[in-house]
Amino acid sequence: MAGLIKDITAHRDLLSMLVARNIKIRYKESALGFLWTLLGPVFLILIYAFFMKVVMKFPIPMPVLVSGIFVWQYLAMCLGDSSFAIIGNANLVKKACFPRLLLPLSIVLANFVNFLLSLLVMAVYLLIVGPHFGAIAWLPLALITHLALCTGVSLGLCALNVFLRDVQHLTGIFTMAWFFLTPVVYDISMITPITQQHPFLGPLYFMNPMAGILSLYRTALLGSPLPDLSLIAISLLVTTLVFVSGVLIFQKLQPRFADEL
Amino acid sequence: MSDIAIQVEGVSKRFRLRSAGGNTLKALVMDRFRSGADTSRELWALKDVSFTVEKGTTLGLIGANGAGKSTLLALLAGTMMPTEGRLKTHGTISSLLELGAGFHPDLTGRENVFLAGAIMGLTREQVNRRFDAIVEFADIGRFIDQPVKHYSSGMYVRLGFAVAVEVDPDVLLVDEVLAVGDASFQRKCLRRMAEFREQKKTMLIISHDLNTIQTVSDQILFLDHGRVLGHGAPSQVIGQYETFSRDQVSSDRRREWGTREVILTGAQFLNEAGQETTRVTWGEALTIRLHYEAKTPVGPSVFGYSISDEQGRLVHGNNTQIEKVSIPSLSGRGTLVLKLPSLNLAKGTYLFSFSVHSADHQVNYHRLDHAFAIGVEATKSFEGLCYMPCEWKLE
């Protein structure tokens with residue numbers, strides 16, 4: 001792991017250029033450019049708001065829905081892009097020698113930059129609609145955990161997809177399931193009654209790291225009550241496991257990338 | 001030892017061949033169901049390859065397609081790992097495995113130069129310092145701020161080459177990049193590579209252009225099916241390779257048929273000095289002694305010969321009937337002498353065919369098609385396969 005960090009710092013210029021490249025080419029030749037980073041979630045929010053609030057009369061406050069979709073969008077972008085991090089750069093992997101980890105990492109970081117910008121826009125929205133910010137001190141922890149989770153998942157997926165192209169198809173289905181297991185379009189308070197009835201369900205639910213991460217975001221940005229810290233700790237622990245296994249899977253498989261492409 | 005730049009010890013590289021399904025779950029499951037250790041699904045691109053390259057040496061790699069040359073460079077560049085054995089390289093390496101490999105079509109030339117430089121291990125600052133030299137070498141002027149997808153293929157490879165050589169490595173790996181680009185670009189590349197040699201840098205070059213590789217290399221490594229068949233002085237190893245590939249060509253295209261009442265038992269090719277040879281020089285005389293054996297006596301017969309190029313295209317053909325040489329009957333063993341006073345063929349490899357049939361063309365006794373491969377060296381360069389004696393005169 002220490003060697004890996006050294007490798008990455010030695011190539012930090014390359015990493016920053018790859019991040020810049022990924023940001024640039026995503027919106028190249030589109031009239032609205034970066035605005036699409038915002039328009040995507042905005043349309044999603046409008047769709048969910050219409051169906052949940054108008055059609056289904058589901059009592060979800062707009063700030064909860066907005067924060068849920070924006071935060072979820074970062075992971076969803078990483079899941080969508082990462083399958084192609086290696087196979088989409090086959091030529092580079094076969095013809096040039098550099099730490100392969102930079103390819104998925106640069107995608108995760110480019111999406112992170114987009115996410116931070118969209119967070120700014122969301123902050124403006126929250127100021128306009130009025131509710132006070134919450135315990136903002138939780139925000140850095142939320143961001144770091146979120147980033148670690150996206151990195152771990154992306155590394156694992158892009159490496160596995162080199163050997164099994166089924167991964168990219170499974171990812172779509174998996175993302176959908178994960179979306180509903182995460183309190184994106186509902187609030188964590190809605191499942192608290194259930195977890196109080198069945199105490200084992202709480203830890204189980206928070207084994208989805210996004211449950212803890214999204215709770216942290218909402219505590220920081222909306223002032224929602226923080227769930228039990230032991231539950232948050234479970235999410236953080238699982239995130240650490242995902243991150244470490246993502247790196248290990250990637251490093252184990254990467255010497256064979258060029259052979260398979 | 002400090003004067004060794006590259007050391008390769010017993011290196012082998014195995015590729016696993018996937019079934020047509022490719023990298024999918026179905027293919028994986030199907031592969032598992034078939035026998036476990038299925039060696040037909042393996043390909044050894046390199047097998048027990050060992051050699052060393054001293055600092056300042058240019059090593060040329062030659063061999064047919066699939067010989068393992070590119071795999072060897074990929075291993076040295078570090079993009080692939082050997083299955084067995086060890087490779088050691090000393091100093092920084094820059095590889096021209098493909099020109100402009102790191103370029104993204106939507107980025108401008110300028111952005112791509114920085115990106116490609118960073119991929120080769122330069123910092124932004126280092127690329128900055130070399131930027132002007134790169135643009136000048138590539139000679140693309142104001143196009144540098146255009147997306148590279150609008151470049152002509154020539155501009156694209158010029159920029160790719162410029163970045164790679166400006167990295168200024170200790171060891172440069174070059175894979176068949178001289179085949180791209182126009183003549184003036186190729187001259188520029190060769191000049192740049194000559195500078196490299198003067199600076200006592202180490203180079204490994206793959207090229208199918210034997211003339212070029214002979215002039216730029218200090219040593220040649222000849223690979224075939226992943227094994228080293230020759231390593232040494234350029235002229236000697238290239239000669240060995242040419243003989244090898246000529247035999248390969250004629251064995252690929254060789255065909256033989258006939259009623260076999262008369263058989264052609266062999267042909268000897270003699271140069272002007274009367275020595276047997278498979279290499280002749282343009283304009284020299286070639287004598288062919290064609291041996292036959294008539295198993296059963298036959299009546300009036302005709303012997304013919306033809307010359308084809310490597311692709312099997314007929315260049316010239318002739319027979320005894322056309323030349324009005326009468327052969328009323330054949331019996332027992334004999335030899336027919338064919339003399340070509342001046343071989344007017346362009347440089348290349350040619351396949352000789354011989355035949356013997358009845359004078360009325362009704363019975364084919366024996367035909368040997370594309371059976372003998374002869375290499376022709378040309379001191380004169382001209383267009384086409386054949387030379388037509390000519391005189392130019394200004395009036």
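Modeller: Let's begin with pairing: two strands pair if DSSP finds at least two bridges between them. Strands (E, at least two residues) and helices (H or I, at least four) are DSSP runs, numbered from the N terminus. This is a predicted model, where local features need pLDDT of at least 70 and side-chain atom pairs count only at pLDDT 80 or more, while totals for chains, interfaces and linings use all residues. Residues are numbered from 1 along each chain as its sequence is written, and chains are lettered from A and ligands numbered from 1 in the order in which they are written.

Biologist: What makes β14 and β17 of chain B a pair?

Modeller: Nine bridges join β14(B) (residues 301-309) to β17(B) (residues 348-358), and pairing asks for at least two. The two strands run antiparallel, with B:Ser308 opposite B:Leu351 in β17(B).

Biologist: How do you know that β14(B) pairs with β15 of chain B?

Modeller: Five bridges join β14(B) to β15(B) (residues 314-319), again antiparallel. Here B:Ile307 stands opposite B:His316. In this hairpin, four residues lie between the strands, and B:Gly312 takes a positive phi near 90°.

Biologist: What makes residues of chain B and chain A count as in contact?

Modeller: Their C-beta atoms, placed from the backbone, must lie within 7 Å. By that test, 25 residues from chain B and 23 residues from chain A take part. On the chain B side, α3(B) gives the largest share, four residues.

Biologist: Which classes do those chain B residues fall into?

Modeller: They divide into 14 nonpolar, eight polar and three charged. Ala, Val, Leu, Ile, Met, Phe, Trp, Tyr, Cys and Pro count as nonpolar, Asp, Glu, Lys and Arg as charged, and the others, Gly among them, as polar.

Biologist: Now for the other chain. Why is chain A called as compact as a globular protein of its length?

Modeller: Chain A has 14 helices and zero strands. Its radius of gyration is 19 Å, close to the 18 Å that the globule rule gives for 261 residues, so chain A is as compact as a globular protein of that length. The radius is taken over C-alpha atoms, and the rule is 2.2 Å times the number of residues to the power 0.38.

Biologist: What makes a residue of chain A buried, and how many are?

Modeller: A residue is buried if 20 or more other C-beta atoms, placed from the backbone, lie within 10 Å of its own. Buried residues make up 43% of the 261 in chain A.

Methods
Contact = placed C-beta atoms within 7 Å. Buried ≥ 20, exposed ≤ 12 C-beta atoms within 10 Å, placed from the backbone.
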